[in-house]
Amino acid sequence: MTDIATLERDTLAAIAAAADEAAVEELRIAALGKSGSVSALLKTLGAMTPDERKEKGPLINGLRDRVQGAIAARKEALGETALEARLASERLDVSLPVQDGPEARGRIHPISQVIDEITAIFGDMGFAVAEGPDVETDDLNFTRLNFPVGHPAREMHDTFFFAPDSNGERKLLRTHTSPVQVRTMLAEAPPIRVICPGRTYRNDSDQTHTPMFHQVEGLVIDKSANLGHLKWILEEFCKSFFEIDDVKMRFRPSFFPFTEPSMEVDIQCSRKGGEIRFGEGEDWLEILGCGMVHPNVLRNCGLDPDVYQGFAWGMGIDRIAMLKYGMPDLRPFFEADVRWLAHYGFRPLDLPTLTGGLSS
Ligand code: 2NL
């Protein structure tokens, strides 16, 4: 093998093995620099005879071209590798993990939950849900419900009245949801089966009363609706709502201006160590008021009491929510503290149904 061929083989092998760009540069200087090995060969051309130069010239120039080419190619390859390494090591993941959407993070307030549960139970019995305004007339809130003008019951309610309007009419914040049932009787022909959940207001504020609270009332009007139906409906409701197989109930005589007879209803319970359980024990807990709709109320709502009769009941939602879900204090219900809601609230997609479970 000639010297030129040996030099080429060794130089190209060294270039191919160079680990980085600095090593390639060293090899370039060693081959093509002022006193490099290839440069030294090029210098020998000057001292040659024309015939010798004709023979060696292309060989040595070819050697220089191939060494230059190899150095350029190796530098480029090493540059690319270095870039790849930087791209791999300096990668920054700017994506965020997928977060739970509002339907997974949000919570349903226990009052909304209980209204949904009550709606599921009475919906199954064929009841419709009716709503009405919070600001009512004295007529719909009191007069049509058989509270005579000046009757002390109007004061009994500690009503929030508005200032009289230009017609001298004093609107008020409804003290019960009964005006919604009055509106239903005025708007629809019997048979009527309706429940009316919503906000109600009384000027009451202490440990167990807030000025705004929630009620659900129920109303049935038909030609033969009677107390037997009422008792069955309320028993079925209590078993469903408190998720118990059987419960004793006690109907005590009472008084409301809008029903006759009127009753207060207690359910059987046990109280052990501050815990209330329903459907067992010897204690009683009052949960609602009810009665047969007073004939005056029927007349005031456009119904003939000789043709139609009906029954109605009303109960406080906030209190039964506390009882069912073991919440000791009413005040945080309306403090809008998301930590309380995260603890006592319900998952929005777990809708209460009779088949799927009311409070699963
Ligand atoms: C209670 C008692 C009650 C009613 C509400 C009612 C409605 C109409 C006609 C007759 Cl339109 N009655 N509602 C009847 C009896 C009792 O509520 O203690 N609520 C918390």
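This is a predicted model: local features need pLDDT of at least 70, side-chain atom pairs count only at pLDDT 80 or more; totals for chains, interfaces and linings use all residues.
Reader: How many helices and strands does the chain have?

Author: The chain has 13 helices and 10 strands. Both are DSSP runs numbered from the N terminus, with at least four residues (H or I) for a helix and at least two (E) for a strand.

Reader: What is the radius of gyration of the chain?

Author: The chain has a radius of gyration of 45 Å, whereas a compact globule of 360 residues would have one near 21 Å. The radius is taken over C-alpha atoms, and the globule rule is 2.2 Å times the number of residues to the power 0.38. Along its principal axes, the C-alpha trace spans about 140 × 55 × 40 Å.

Reader: And how much of the chain is buried?

Author: Buried residues make up 39% of the 360 residues. Here buried means under 20% relative accessible area, exposed means over 50%, and partly exposed lies in between (1.4 Å probe, protein chains only).

Reader: Which helix is largely enclosed by the rest of the structure?

Author: That is helix H12, residues 317-325; eight of its nine residues are buried, so the helix is largely enclosed by the rest of the structure. Among the buried residues of H12 are Ile 317, Asp 318, Lys 324 and Tyr 325. Just after H12, Gly 326 takes a positive phi of about 60°.

Reader: Changing topic: how many aromatic pairs are there?

Author: The structure holds 15 aromatic pairs. One of them joins Phe 237 and Phe 241, which are stacked at 5.4 Å centre to centre with 20° between the planes. Rings of Phe, Tyr and Trp (its six-membered ring) pair if their centres lie within 6.5 Å; planes under 30 degrees apart count as stacked, over 60 as edge-to-face and the rest as tilted.

Reader: What about Phe 241 and Phe 242?

Author: Their ring centres are 4.9 Å apart and their planes are at 85°, so this pair is edge-to-face. Phe 242 is buried, as is Phe 241.

Reader: Is Glu 243 buried or partly exposed?

Author: Glu 243 is partly exposed, with a relative accessible area of 44%. Glu 243 lies in the loop between H10 and strand S6 (249-256), and has a positive phi of about 55° although it is not a glycine.

Reader: Which other residue has a positive phi although it is not a glycine?

Author: Asn 146 does, with a phi of about 75°. Asn 146 is placed in the loop between helix H7 (138-141) and helix H8 (152-156), and is buried at a relative accessible area of 19%.

Reader: Finally, which residues does Lys 75 touch?

Author: Not counting residues up to four places away in sequence, Lys 75 touches Glu 21, Val 24, Glu 25 and Arg 28. Contact means heavy atoms within 4.5 Å. Lys 75 is in helix H4, residues 50-89, and is partly exposed, with a relative accessible area of 26%.

Reader: How far is Lys 75 from Gly 356?

Author: They are 281 residues apart in sequence and 71 Å apart in space, C-alpha to C-alpha.

Key: Residues are numbered from 1 along each chain as its sequence is written. Side-chain values use heavy atoms; hydrogens and water are left out.
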